Amino acid sequence: MLSTQAPGTADPSTRRVSALQDSAHRIRMHALDMGETQGQGYIGQALGVADILAVVYRDVLNHRPAEPDWPQRDRFLLSIGHYAIALYAALAEAGVLDVGELATYGSDDSRLPMSGMASYTPGMEISGGSLGHGLGVATGMALGLRHQGSDARVYNLLSDGELDEGSTWEAALACAHHGLDNVTAIVDVNALQADGPTKGVLRTEPVTAKWEAFGWHAVRVDGNDIEALVAAFDDLRGHRGSPAVLICDTRIGCGVPMLETREKAHFMRVEEHEWQLARAQLTERHFNRPTSDRARTQEEGLAR
């Protein structure tokens with residue numbers, strides 16, 4: 001069984017967008033549930049990239065949830081290993097992992113360690129740790145798939161902090177040199193890294209111009225806008241001749257107002273009494289989003 005939405009069969013309807021928003025909401029809920037087991041962690045990043053992961057796993061990737069090692073699958077590489085909590089939530093939403101297993105997150109003998117490891121978790125293509133390796137691995141994978149005559153694509157989610165690493169730009173040069181149009185990089189620009197605001201650690205802007213100068217087709221969107229993400233991936237799906245990068249501006253803690261404004265947000269401590277409040281805020285934000293696609297879809301149904 002292929003993914004819910006096979007590549008090349010895009011439906012631009014509001015129902016499609018609304019379904020993806022619901023999927024992102026469930027990913028955020030899963031992340032909060034896992035975060036509560038530890039009381040802290042990279043919750044802000046998980047909430048921030050939930051929309052991206054919902055679109056990728058429900059609408060973009062060609063994969064078989066029941067066969068995570070299917071040879072013809074598209075590869076999704078998480079080079080930012082500390083975002084594993086977000087990917088586990090997405091893999092559960094996609095049906096690769098059982099939702100019940102999320103309760104073991106970070107526990108002894110769990111298949112869901114706090115930093116992603118390919119040897120433990122179905123659907124985790126590479127082990128993430130030291131940043132800056134994901135795009136290099138993606139380059140090698142894409143070359144190998146090309147030599148095999150495979151149509152499979154390689155997607156690499158990396159962070160704006162990862163753009164500090166020279167190895168990332170070496171890989172970007174190699175991808176462009178070899179014309180690897182089966183590679184799509186996705187950059188989470190949340191403007192924060194372990195040592196502080198990204199622009200204060202090492203300024204990387206103008207990010208779009210830099211990728212273009214390295215020979216990439218670059219698109220920049222609001223990474224928390226499902227409609228914009230769908231349109232961008234639809235555009236990238238048809239691009240040929242060079243690798244592509246989708247630069248996504250996201251908000252730490254997106255969907256939970258009290259976490260969006262938390263000062264120490266890279267590795268976040270959430271008090272015991274705050275978890276249920278976070279879920280309530282997330283639910284309220286989701287079901288009362290302004291002029292939501294859910295509401296528009298309902299209105300269209302009534303009009304018919």
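Two strands are said to pair if DSSP finds at least two bridges between them, and the views below come from a predicted model.

**View 1. Strands E3 and E4 pair side by side in the parallel sense.** The pairing of E3 with strand E4, which covers residues 183-189, runs over 6 bridges. Within this pairing, Leu157 has Ile186 of E4 as its bridge partner.

**View 2. An open sheet is formed by 5 strands in the order E2-E3-E4-E8-E7, with parallel pairing.** Strand E2 (75-78) and strand E7 (217-222) stand at the edges and have a single partner strand each, so one side of each is left without a neighbour in the sheet. On average, and with direction ignored, neighbouring strands of this sheet are turned by 20° against each other.

**View 3. Helix H1 (residues 14-38) packs with helix H3 (residues 84-94) at an angle of about 125°, their axes being 8 Å apart.** That angle makes H1 oblique to H3, and H1 passes H3 in a right-handed crossing. Among the residues that make the contact are Ile27, His30 and Met34 of H1 and Ile85, Tyr88 and Glu93 of H3.

**View 4. Glu165 lies in the loop between strand E3 (154-159) and helix H5 (166-177).** Because its relative accessibility is 31%, Glu165 counts as partly exposed. Glu165 and Leu131 are 34 residues apart in sequence, while their C-alpha atoms are 7.4 Å apart in space. Leaving aside its neighbours within four places in sequence, Glu165 is in contact with Leu131 and Gly132.

Notes. Residues numbered from 1 in each chain as written. Predicted model: local features only at pLDDT ≥ 70, side-chain atom pairs only at ≥ 80, totals over all residues. Heavy atoms only, no water. Axes fitted to C-alpha atoms, helices over the stretch in contact; angles between N-to-C directions. Helix = DSSP H or I, 4+ residues; strand = E, 2+ residues; numbered from the N terminus. Parallel < 35°, antiparallel > 145°, perpendicular 65-115°, else oblique. Left-handed = near helix turned anticlockwise from the far one by under 90°. Contact = heavy atoms within 4.5 Å. Buried < 20%, exposed > 50% of the residue type's maximum accessible area, 1.4 Å probe, protein only.
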